[in-house]
Amino acid sequence: MERTATGPAAAASPPPAGTPLSDGAAVVPAAAFEGLLDGMPRQRGPAPAVPVPVQAPRPVPAARLWRLLPTPGATPFTFGYAALLAVTSAFAAVADPGLVNALYQGSSTDVAHLVQSPAVVLVTSALWIAGGILSPYSAAFVLVLTALERRIGGGRAACVFLAGHVLATLATEVPVGLAVLAGHLPATSLHRLDYGISFGVAASIGSLAGLLRPWFRWPLLTVVAGLLLDDLAEFVDPMTDWGHLIALTIGVVSWPLVRRWARSA
């Protein structure tokens, strides 16, 4: 028998990528295995995307400043009341001085008018700003009532304002009437001119302070109380100045109530 010696068989070239094999799999290109480590599972496929937290844009300072002013949607009570006060102040500035003085007299919350028509004068007296639109109380009204209404709502802010206006008025005028009856004051004291929004504003400041952080609350109360005490020391209009202090105290006393309102708003 003739034997023929042969050399090693030539290596077969690998099939092209994607060629189906006998077990149903397909040939994977060698490039797919580049950069992989032996014995390390779950290396194939793209790495899972890691969510990157996106920071919300910071509010524009100008937009935050606009929140200090009333708007029809967010603070309807303050906006409507401020518009009404602007109209009455503009009228007082251009109308005949005699007519304006007569309106002031008719709206005065003195003892004589409180005895005759208390509800009417308590409302009409709050339609005017003593000193006009440029009075410091007009600016305080807009800033304080806006901040208070944003925290507790329009109806509740109106209650705080009216409580200061009404209670401080009665607290200053009732003693005058009693003093006249007792003979300690002349009868002319029953007709003193008293109108404006200052009592309501003072009560709103005291009430708002209870909703602020302590680092702002106590300096605010200290400054406001200091100004009111300084006015009282000058003794120009002691009854009105006492009314401002009483109204501020009414606002401070309302802290438990307004804090509960703020939590439920």
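Trainee: Where is Leu 68 found?
Mentor: Keep in mind that this is a predicted model. Leu 68 sits in the loop between helix 1 (61–66) and helix 2 (76–94).

Trainee: Is Leu 68 buried, exposed or partly exposed?
Mentor: Leu 68 counts as partly exposed, because its relative accessibility is 46%.

Trainee: Which residues make the nonpolar surface patch of about 540 Å²?
Mentor: Leu 68 is one of them.

Trainee: New topic. Where is the place of Ser 107?
Mentor: Ser 107 belongs to helix 3, residues 97–107.

Trainee: Buried or exposed?
Mentor: Ser 107 is buried, with a relative accessible area of 7%. The cut-off for buried is under 20%.

Trainee: What lies 2.9 Å from a polar atom of the Ser 107 side chain?
Mentor: The backbone oxygen of Leu 103.

Trainee: And what is Ser 107 in contact with, leaving aside neighbours within four places in sequence?
Mentor: Val 121, Thr 124, Ser 125, Trp 128, Asp 194 and Tyr 195.

Trainee: Now the largest nonpolar core. Which of its residues touch the most other members?
Mentor: Tyr 81, Phe 141, Ile 152, Phe 161 and Ile 197, out of 29 residues. Several elements give two or more residues to this core, including helix 2, helix 7 (154–181) and helix 9 (214–234).

Trainee: Which element gives the largest share?
Mentor: Helix 6, with 6 residues.

Trainee: Back to Ile 152. What is it in contact with, beyond four places in sequence?
Mentor: Its contacts there are Ala 157, Val 160, Leu 211, Val 258, Trp 261, Ala 262 and Ala 265.

Notes: Residues numbered from 1 in each chain as written. Predicted model: local features only at pLDDT ≥ 70, side-chain atom pairs only at ≥ 80, totals over all residues. Heavy atoms only, no water. Patch = residues over 30% accessible without salt bridge, like charges linked within 9 Å, V, L, I, M, F, W, Y side chains within 5 Å. Areas by Shrake-Rupley, 256 points an atom, 1.4 Å probe, with all protein chains shown as cover. Salt bridge = Lys/Arg side-chain N within 4 Å of Asp/Glu carboxyl O. Helix = DSSP H or I, 4+ residues; strand = E, 2+ residues; numbered from the N terminus. Buried < 20%, exposed > 50% of the residue type's maximum accessible area, 1.4 Å probe, protein only. Polar contact = N/O pair within 3.5 Å; in protein donor to acceptor, adjacent residues only side chain to side chain. Contact = heavy atoms within 4.5 Å. Core = buried A, V, L, I, M, F, W, Y, C linked by side-chain atoms within 4.5 Å.
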